[in-house]
Structures are given as C-alpha cells and as structure tokens.
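Thanks for coming, everyone. Let me put the model up, and then we can walk through it.

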Amino acid sequence: MITIRKAVYDDLQEISRIDEEIFLDESHPQKIWSHFFFTGTILVAEERIMSDDNELIEVVIVGFTAYISMDQDSLFISPMCSEFMAINEIMELGHIASLGVLESHRCKGIGQTLITEVLSQFNKLPITLNVRVSNEKAINLYRKNEFHIYENKELNYYNNPSEDAYFMFRMF
Ligand SMILES: CC(C)(COP(=O)(O)OP(=O)(O)OC[C@H]1O[C@@H](n2cnc3c(N)ncnc32)[C@H](O)[C@@H]1OP(=O)(O)O)[C@@H](O)C(=O)NCCC(=O)NCCS
C-alpha cells in the first residue's frame with residue numbers, strides 16, 4: 001500500500017539516497033534537501049510492506065517531490081520564472097523543484113499521486129517546473145495534469161549530460 005506524507009527532517013538522508021539512485025550525477029547534495037525542507041515542502045511516497053498474515057514488516061520511501069512557493073524576491077531556482085511572472089503579471093507561483101519514483105515502483109500511479117497532492121497544495125496559484133526536453137515520461141505526466149510547454153526553452157539548463165529544459169506551467 002502506498003501513502004503520501006510530508007517529509008520530516010529525519011527522512012532527508014534516505015531521500016538524498018533515493019535521489020542519487022534515481023538521478024545519478026544530477027542528484028542534489030543533502031544540503032540542498034535541507035534547503036528544500038526549510039524553505040518549501042517535501043512529500044514522500046511510502047510503501048508499507050506487509051507479511052502474508054497482514055503484519056507490518058517495513059515502511060520504505062519509494063518516491064518524493066519537492067516544491068516551493070516563489071515570489072518576485074525568490075527567483076533563484078529558475079531564471080525563466082522571472083520572465084514568465086513579468087509577462088503574465090504574476091506575483092506568486094508554486095514551483096516543483098524535483099519529482100522522482102524508484103525504477104522498481106514506476107508505472108503504478110505513484111508519480112501521478114504525488115502530482116495530485118502538489119496541485120491540491122497550491123490554492124489557485126500557477127505552478128511551474130523544468131524538465132529535460134528528452135524526458136518524455138515526465139512530460140507526458142505533466143501534460144496529463146494540464147501543464148503546458150512555455151515558448152522559450154532554457155538552453156543548457158542541465159548538466160551530465162548537457163541538455164536544454166522545457167519550462168512548463170499550469171494556470172488555474
Ligand atoms: C516521471 C516519473 C516520476 C513518473 O512516475 P510514475 O510513478 O512511473 O508515473 P505514473 O505511473 O503515475 O504515470 C503517470 C503518467 O506519467 C506518464 N508516464 C509514466 N510512465 C511512462 C512511460 N514509461 N512512458 C510514457 N509515459 C509515461 C503517463 O502519462 C502516465 O499516465 P498514464 O498511465 O495514464 O499513461 C518516473 O518515471 C521517474 O521517477 N522518472 C525519473 C525521474 C524523472 O525523470 N523525474 C522528473 C524530473 S522533471
């Protein structure tokens with residue numbers, strides 16, 4: 001059974017480990033996870049592993065997402081946010097900074113469940129994110145949730161390997 005909950009400080013080491021397993025060289029150092037924890041929100045997807053006679057054996061984190069609220073003064077995550085906010089006269093928005101599900105647990109609706117929870121947290125705020133232009137699975141997930149690709153790509157936004165990003169947004 002999968003449940004979604006807000007991360008607590010003691011989860012950060014495990015989240016960082018899973019981040020490394022999913023994103024390899026692109027993963028965030030643990031201090032960035034501490035930063036997300038104190039400035040935004042981290043949600044974890046947890047699997048409860050039960051025995052045949054329904055005893056709880058173990059609870060393991062199998063996915064996560066991190067999101068933050070951004071205003072005109074906190075545009076450090078994505079320079080494109082600044083342009084997007086100015087053109088659309090937006091004072092505040094939500095930004096999804098990371099989303100990942102362990103490979104063993106993909107295609108079971110966990111990414112969708114995490115996104116649904118994020119959307120419910122941003123009451124009538126636009127939401128933005130960045131995604132590798134080649135990341136079809138994630139782009140499909142975001143499109144399915146009414147995110148659109150913004151006209152300008154963020155050139156060489158990613159390293160290891162170097163790649164452009166789409167800046168995606170969802171309006172309410
Ligand atoms: C992207 C990711 C989070 C999706 O998580 P998931 O739990 O497997 O996704 P779900 O099972 O909830 O699928 C939801 C939707 O995502 C899209 N999707 C997921 N897997 C897909 C695949 N293999 N091929 C195409 N689309 C896919 C589909 O639109 C799917 O909806 P559908 O089942 O109705 O077709 C997961 O693949 C992942 O962690 N990838 C590596 C990290 C990453 O790329 N993160 C995003 C960074 S921006």
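This is a predicted model: local features need pLDDT of at least 70, side-chain atom pairs count only at pLDDT 80 or more; totals for chains, interfaces and linings use all residues.

N159 and D53 are 106 residues apart along the chain, and their C-alpha atoms are separated by 47 Å.

P161 belongs to the loop between strand 7 (154–158) and strand 8 (163–170) too. The peptide bond from N160 to P161 is cis. Its omega is near -10°.

Next, the core. Which residues touch the most other members of the largest nonpolar core? That core has 32 residues, and the answer is I15, I42, V44, F64, I96 and M168. Strand 4, residues 92–101, gives the most to this core, with five residues. As a general point, nonpolar side chains tend to be buried together in soluble globular proteins.

Let's zoom in on two of those core residues. Start with F64. Setting aside residues up to four places away in sequence, F64 touches I15, I18, I42, L43, V44, A45 and G100.

Then I96. I96 lies in strand 4. I96 counts as buried because 24 other C-beta atoms are within 10 Å, and the cut-off for buried is 20 or more. What does I96 contact, leaving aside its neighbours within four places in sequence? The list is T65, Y67, V118, I127 and L129. Take L129 from that list. I96 and L129 are 33 residues apart along the chain, yet their C-alpha atoms are separated by 5.1 Å.

On to the helices. Two packed helices are described by the angle between their axes and the distance between the axes. Helix 1 covers residues 12–23, and helix 2 covers residues 30–39. They pack at an angle of about 120°, with their axes 9 Å apart. That angle makes helix 1 oblique to helix 2. The crossing of helix 1 and helix 2 is right-handed.

Who makes the contact? From helix 1, it is L12, Q13, I15 and S16. From helix 2, it is Q30, W33, S34 and F37. By class, that contact has four nonpolar residues, four polar residues and no charged ones. Note I15 here: I15 is also among the core residues that touch the most other members.

T116 lies in helix 4, residues 110–121. T116 counts as exposed, because it has 12 C-beta neighbours inside 10 Å. T116 and N145 are 29 residues apart along the chain, with 8.2 Å between their C-alpha atoms.

Move to helix 5, residues 136–144, where you find K137. K137 has 12 C-beta neighbours inside 10 Å, so K137 counts as exposed. K137 and C107 are 30 residues apart in sequence and 9.8 Å apart in space, C-alpha to C-alpha.

Last, two backbone details. What is the phi of K124? It is near 65°, a positive value in a residue other than glycine. K124 sits in the loop between helix 4 and strand 5 (127–132). K124 is exposed, because it has 6 C-beta neighbours inside 10 Å.

E146 has a positive phi of about 70°, and E146 is not a glycine. E146 is in the loop between helix 5 and strand 6 (148–149). With 12 other C-beta atoms within 10 Å, E146 is exposed.

That's the tour. Questions, please.

Definitions and conventions: Residues are numbered from 1 along each chain as its sequence is written. A nonpolar core is a set of buried Ala, Val, Leu, Ile, Met, Phe, Trp, Tyr and Cys residues joined through C-beta atoms within 7 Å. Helices (H or I, at least four residues) and strands (E, at least two) are DSSP runs, numbered from the N terminus. Two residues are in contact if their C-beta atoms, placed from the backbone, lie within 7 Å. Axes are lines fitted to C-alpha atoms, for helices over the stretch in contact, and angles run from 0 to 180 degrees between N-to-C directions. Angles under 35 degrees count as roughly parallel, over 145 as roughly antiparallel, 65 to 115 as roughly perpendicular and the rest as oblique. A crossing is left-handed if the near helix is turned anticlockwise from the far one by less than a right angle, and right-handed if clockwise. Ala, Val, Leu, Ile, Met, Phe, Trp, Tyr, Cys and Pro count as nonpolar, Asp, Glu, Lys and Arg as charged, and the others, Gly among them, as polar.
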